[in-house]
Amino acid sequence: MSSFRMNLAALVLLAAANLAASAQTPTRPTAGAAPKNLSGLAVATFGGGCFWSCEETFEELRGVREVVAGYAGGTVKNPTYEQIGGEKTGHAESVQVYYDPRQVSYQTLLEVFFLGAHDPTQLNYQGPDTGPQYRSVAFYRSAQEKQLLETTIQRINATRHYAAPIVTQVTAFTQFWPAEAYHQGYMRLHPESGYIQHVSQPKVDKFRRAFADQLKPGKAL
């Protein structure tokens, strides 16, 4: 085979590989910013360990418009990732979920959070990630949301879905700070990462299996 044909064949194979990769890792629909138009949308904030997989989980839920990775529950204004890791700001890695309540209810978000997004029985850690910044925490914005949170926790504990009781912190929402740009959509942008493959992806796969009928088109396993 001539060198020209060999090079052409290699280019065809490379293009096919890139196309396959693009199909498996679609272009991220958000850029880590809140929607400019909040009309008709509601907002919920959760912390469930590393925000990379938590962000992707809620991104794939039907009715969710945008998800932003960031920090909540602390006292320092506009904290950095490095400050969070120092465990002195009080923040938890969190996600802010912008959703259409006509398509998905707050109760459904709670079901996803407690049963699909993370393990709410792990105190101040999630898998290999340890420290209070990885704590399980749900931030409520109203008395009704607080009641739904407490009722959901009681119900799941009563069913013994988990071997241990839920330790999720239920606290009033105060402020959410978006994380640095490189954290936004991290799982989709870096599927080759060892952490994504071995820690984040299994979490998202678990969610997809548990909530297969509530995923956006093309997201099922």
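**Entry 1: Q122**

I began with Q122, whose side chain reaches the backbone nitrogen of G127 at 3.1 Å. I note at the outset that I am reading a predicted model, and that every value here is computed from it. Looking up where Q122 sits, I found this residue in the loop between α4, residues 106–117, and β4, residues 125–126. A second polar contact of the Q122 side chain goes to the side chain of D119, at 3.4 Å. Leaving aside residues up to four places away in sequence, I find that Q122 touches G127 and V167. Is Q122 buried or exposed? With a relative accessible area of 14%, Q122 is buried, because the cut-off for that word is under 20%.

**Entry 2: the protein as a whole**

I then stepped back to look at the whole protein, which has seven helices and eight strands. Of its 221 residues, 46% are buried. The exposed surface comes to about 11400 Å², and carbon and sulfur atoms supply 56% of that area.

**Entry 3: salt bridges around R208**

How many salt bridges does the count come to? The count comes to five, and I followed up some of them, starting with R208 and E60, which form a salt bridge with their closest N and O atoms 2.7 Å apart. R208 lies in helix α7, residues 194–210, while E60 lies in the loop between α2, residues 51–59, and β2, residues 64–72, so this pair ties together parts that are 148 residues apart in sequence. I checked the burial of this pair too, and both R208 and E60 are buried.

R208 also forms a salt bridge with D205, where the closest N and O atoms are 3.6 Å apart. These two residues are three apart in helix α7, which means that about one helical turn separates them. R208 counts as buried at 17% relative accessibility, and D205 counts as buried at 18%. Taken together, I can write down E60, D205 and R208 as linked in a network of salt bridges.

**Entry 4: E111 and R155**

My next pair was E111 and R155, which form a salt bridge with the closest N and O atoms 2.4 Å apart. E111 lies in helix α4 and R155 in helix α5, residues 143–159, so the pair ties together parts that are 44 residues apart in sequence.

**Entry 5: cysteines**

Last, I looked for disulfides, and a search of the whole structure finds zero.

Terms used. Residues numbered from 1 in each chain as written. Predicted model: local features only at pLDDT ≥ 70, side-chain atom pairs only at ≥ 80, totals over all residues. Heavy atoms only, no water. Helix = DSSP H or I, 4+ residues; strand = E, 2+ residues; numbered from the N terminus. Buried < 20%, exposed > 50% of the residue type's maximum accessible area, 1.4 Å probe, protein only. Areas by Shrake-Rupley, 256 points an atom, 1.4 Å probe, with all protein chains shown as cover. Polar contact = N/O pair within 3.5 Å; in protein donor to acceptor, adjacent residues only side chain to side chain. Contact = heavy atoms within 4.5 Å. Salt bridge = Lys/Arg side-chain N within 4 Å of Asp/Glu carboxyl O. Disulfide = S-S within 2.5 Å.
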